[in-house]
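Trainee: I would like to know what stands behind the terms used for this model. Could we go through them one at a time?

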Amino acid sequence: MLIRFFFFVFSLGFCQCDPHKNGNNKNHFARDRSPEQEIPVLCYHNIKSELDHHAPELTVTDSVFRIQIKMLADSGYHTVTADELYNYLTRGSALPSKPIMLSFDDSHEEHFSIADKEMKKYGFKGVFFVETIVINKPNYLTSQEIKTLADEGNTIACHTYDHPLVTRLKDDEWLKELDEPRKLLEKISGKVVDYFAYPYGAWNEQAIEELKKRGIKAAFQLSELQDPRDPLFTIRRIMVSDKWPMTKLNQEIHSAFNKKFLAYSRPK
Ligand SMILES: [Zn+2]
């Protein structure tokens, strides 16, 4: 297992350079893929009609989002759920050809009204990391929308109650920031909530221990280097920029996890 994850972190063998090679055959399972190949995970936050003052790494315009999703579908990518990724990473379970995970942080309403609607056109599924304090507030997901996303086969996952730096949480604060929001999401979605994303991508050893103690199966950061001691709890994601042309997105999908520099600074 340790060896597998060592390669998972450092493998240079991910690139599938011909985007059209496998077409759109959803029944084709790449059973010959070696388990050390890393699966790209894209991370979206805001999806707005205009970029305005928003940072392009935290906001993509809806037109760019639609183009990116279409490009992934046209290129033969197939989305995977958090369970499928977990089973692949821990047991080497088969995945569809050209697997990719699409994840959405911070419970924005457009994750339902734009992202889900767009993904459904191509049979794509997403992983939605919800912070529960904003549920049913204006411009954020409603309980009903979360339930619909879960019913459609998307993954509902935990992103704390009110988005703190979990690296600074005291023992008793984990109840408020993980146990209670997780229970609420399970009640709303009717599904078990097993996955977690660190607010600001910030993690440390203590936070990982708390997640493990509470039965979280895997946790996602942003784009920092993975911890080789706990790769399942420091799964990396690509922060998609609104400013990337399609060639750049393709390039990032193929190479982001091999970068030796940090693509996103962790708040101290
Ligand atoms: Zn967040």
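This is a predicted model: local features need pLDDT of at least 70, side-chain atom pairs count only at pLDDT 80 or more; totals for chains, interfaces and linings use all residues.

Trainee: Which residues of H8 are buried?

Mentor: Leu249, Glu252 and Ile253, in a helix that spans residues 246-255. Each is called buried because 20 or more other C-beta atoms lie within 10 Å of its own.

Trainee: What puts them on the same side of H8?

Mentor: They cover an arc of only 100° around the axis, so they share one side of H8. In an α-helix there are 3.6 residues a turn, so residues three or four places apart point the same way. The face turned away from the buried side of H8 carries Thr247 and Lys248, which are exposed.

Trainee: H2 also packs with helix H4 (residues 110-120). Why is H2 called roughly parallel to H4?

Mentor: The angle between H2 and H4 is about 25°, and their axes are 10 Å apart. Angles under 35 degrees count as roughly parallel, so H2 is roughly parallel to H4. Their crossing is right-handed. On H2 the contact is made by Asp62, Phe65, Arg66 and Ile69, and on H4 by Ile114, Ala115, Glu118 and Met119.

Trainee: Which residues touch the most other members of the largest nonpolar core?

Mentor: Ala157 and Ala219, in a core of 61 residues. Leaving out residues up to four places away in sequence, Ala157 touches Ala82, Val127, Phe128, Phe129, Val193, Tyr195, Phe196 and Ala197.

How values were computed:
Residues are numbered from 1 along each chain as its sequence is written. A residue is buried if 20 or more other C-beta atoms lie within 10 Å of its own, exposed if 12 or fewer, and partly exposed in between; C-beta atoms are placed from the backbone. Helices (H or I, at least four residues) and strands (E, at least two) are DSSP runs, numbered from the N terminus. The arc is that of the directions from the helix axis to the C-beta atoms. A nonpolar core is a set of buried Ala, Val, Leu, Ile, Met, Phe, Trp, Tyr and Cys residues joined through C-beta atoms within 7 Å. Two residues are in contact if their C-beta atoms, placed from the backbone, lie within 7 Å. Axes are lines fitted to C-alpha atoms, for helices over the stretch in contact, and angles run from 0 to 180 degrees between N-to-C directions. Angles under 35 degrees count as roughly parallel, over 145 as roughly antiparallel, 65 to 115 as roughly perpendicular and the rest as oblique. A crossing is left-handed if the near helix is turned anticlockwise from the far one by less than a right angle, and right-handed if clockwise.
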